[in-house]
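Trainee: Could you walk me through this model? I'd like to learn how to read each feature in turn.

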Amino acid sequence: MQERFKESKILVLHIGSFPSKENIPTLNIKNIEPNEIQKFLELHIKESDISSVRIIEWRASLEHYREAYVKLISQVVDFIKRSDASKRTTDAFGKRWVKNFFKNLKILNKNVLFKQTDIPVIITGSGPSLEEALPIIKEAQKYCYVIASSSSLLALFNYGITPDITIATDGGSWALKHMYSFYRSKNSCALAVNLCAALPSQCYDTPILLINDGTFWQNIVLHELSLPSVIVPQRGTVTATAVDFAIHISRGSIYLAGMDLSVNDIKSHVRPYAFDQLLIEKSCRFSPVYSQSFLRSSLINSGQSLNIYASWFKTQLNSWPNNIFSIAGKHSIFKEGDLIKQIKNQTQTKKANEYLNTVNNKNDTSLFCKRGVDVLLKALKDPQYSENLKQELVPLVGQDIETSIKELAL
């Protein structure tokens with residue numbers, strides 16, 4: 001087949017045993033564990049090429065391997081769906097992400113450094129079940145590190161809970177609505193952000209812990225500016241990024257709240273929720289809030305995004321530590337954990353400023369944007385780096401990288 005389609009990359013996935021390399025020396029054979037299939041596909045298939053990927057099945061395998069065959073095909077299909085959704089998002093928001101990156105460099109006056117701890121971590125998403133978990137979180141917060149997605153902030157503050165870190169990764173302008181409660185609240189906490197996120201100007205004096213998605217172009221800029229960061233890959237959803245982040249900062253158990261990966265009747269999110277105000281503002285007797293909520297939940301379900309994330313989490317759990325649990329969870333993917341029982345047996349309490357340290361940036365942040373652009377454009381002209389940079393930046397800003405970066409950094 002490779003001789004016929006010389007310009008195509010062909011990946012052959014075998015379920016059972018196969019002739020050894022000694023018998024067929026031209027084959028590049030590698031044993032892959034079932035939970036490594038997604039990583040294998042990510043390594044060999046570029047997101048920009050996902051629309052041209054085709055699955056060719058050998059149906060005889062279904063009769064022989066049955067369930068194992070179905071599971072393998074399901075993993076491949078899930079990968080294609082997730083990558084296609086990611087590509088469509090990149091096509092739509094790539095330029096905005098790059099623009100946010102350079103704009104946000106100007107507000108990095110205070111950097112947050114962390115020391116790894118052993119105490120439990122609570123991660124809050126904005127699913128409906130967060131409402132049931134709030135009393136548990138309030139009771140446990142002095143023993144646990146609380147990491148909140150920005151979309152869950154309003155519900156936490158409304159219940160009198162102040163997280164240790166708020167995490168924001170969404171590059172869309174609508175994400176700013178979630179941040180309003182962060183600045184209206186008298187409570188203060190650190191902000192962990194990907195620089196491609198949409199951040200308000202009030203972040204100028206906020207302690208920021210940088211999340212670096214590991215891409216080559218971001219590494220080049222952050223290294224040039226000597227900015228400390230923690231590398232966490234982009235996952236498409238902030239709560240998945242929060243889990244990766246939590247694994248970095250603590251060796252303790254991780255408890256997930258409000259990560260339902262499903263809609264509860266017409267309740268798509270915890271209450272109160274920042275976007276609910278949009279429904280209230282548009283409501284009238286011809287379009288009451290309940291009707292709008294029904295339409296919103298129907299759109300979320302029909303979009304299949306939650307199913308894609310659920311499938312990804314199910315696969316990813318195999319490569320994460322075996323100490324991730326849910327609180328008041330409504331989804332079968334995550335094991336239910338008894339956080340209250342754990343903290344009753346725990347003598348160590350959380351001490352203020354013991355694990356997070358804020359340091360003032362000694363460099364002139366007003367020059368960060370110009371320095372970042374200059375080092376990136378210089379690297380693009382270096383044969384040693386240009387090819388890798390083009391592969392990352394062309395899907396974001398288009399073919400004319402140099403012109404686009406100069407315009408977006410204005």
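Mentor: Let's start with strands: two of them pair if DSSP finds at least two bridges between them. Helices (H or I, at least four residues) and strands (E, at least two) are DSSP runs, numbered from the N terminus. Before we go on, this is a predicted model, where local features need pLDDT of at least 70 and side-chain atom pairs count only at pLDDT 80 or more, while totals for chains, interfaces and linings use all residues. Residues are numbered from 1 along each chain as its sequence is written, and side-chain values use heavy atoms, with hydrogens and water left out.

Trainee: Which residue stands opposite Ile208 in β6?

Mentor: That's Leu191. Strand β5 (residues 190-194) pairs with β6 in the parallel sense, over four bridges. On to β7 (residues 229-231): β6 pairs with this strand in the parallel sense too, over three bridges, and Val230 in β7 is the bridge partner of Ile211.

Trainee: What do β6, helix α7 and β7 make?

Mentor: A right-handed β-α-β unit, with α7 covering residues 216-224. Right-handed means that, with the strands pointing away from the viewer, the path from the first strand over the helix to the second runs clockwise.

Trainee: And how do I read the faces of a strand?

Mentor: In a regular strand the side chains alternate between the two faces of the sheet. Then check burial: buried is under 20% relative accessible area, exposed is over 50%, and partly exposed is in between (1.4 Å probe, protein chains only). In β6 (residues 208-212), five of the five residues are buried. Ile208, Leu210 and Asn212 sit on one side, Leu209 and Ile211 on the other, and both faces are covered.

Trainee: How many residues does helix α11 have?

Mentor: Twelve, 305-316. The expected span of a helix is 1.5 Å times one less than its number of residues. Helix α11 reaches 16 Å from its first C-alpha to its last, close to the expected 16 Å. Its buried residues include Leu306, Trp312 and Phe313.

Trainee: What about salt bridges?

Mentor: Look for a side-chain nitrogen of Lys or Arg within 4 Å of a carboxyl oxygen of Asp or Glu. The structure holds eleven. One of them joins Arg251 and Asp118 (2.7 Å, N to O). That pair links distant parts of the chain, 133 residues apart: Arg251 is in the loop between α8 and β8, Asp118 in the loop between β1 and β2. Asp118 is partly exposed at 45% relative accessibility.

Trainee: Last one: how do I describe a ring pair?

Mentor: A pair of aromatic rings is described by the distance of the centres and the angle of the planes. Rings of Phe, Tyr and Trp (its six-membered ring) pair if their centres lie within 6.5 Å; planes under 30 degrees apart are stacked, over 60 edge-to-face, and the rest tilted. There are eleven aromatic pairs here. Phe216 and Tyr385 have ring centres 5.6 Å apart and planes at 55°, so the pair is tilted. Phe216 is in helix α7 and Tyr385 in helix α14 (residues 383-397), 169 residues apart.
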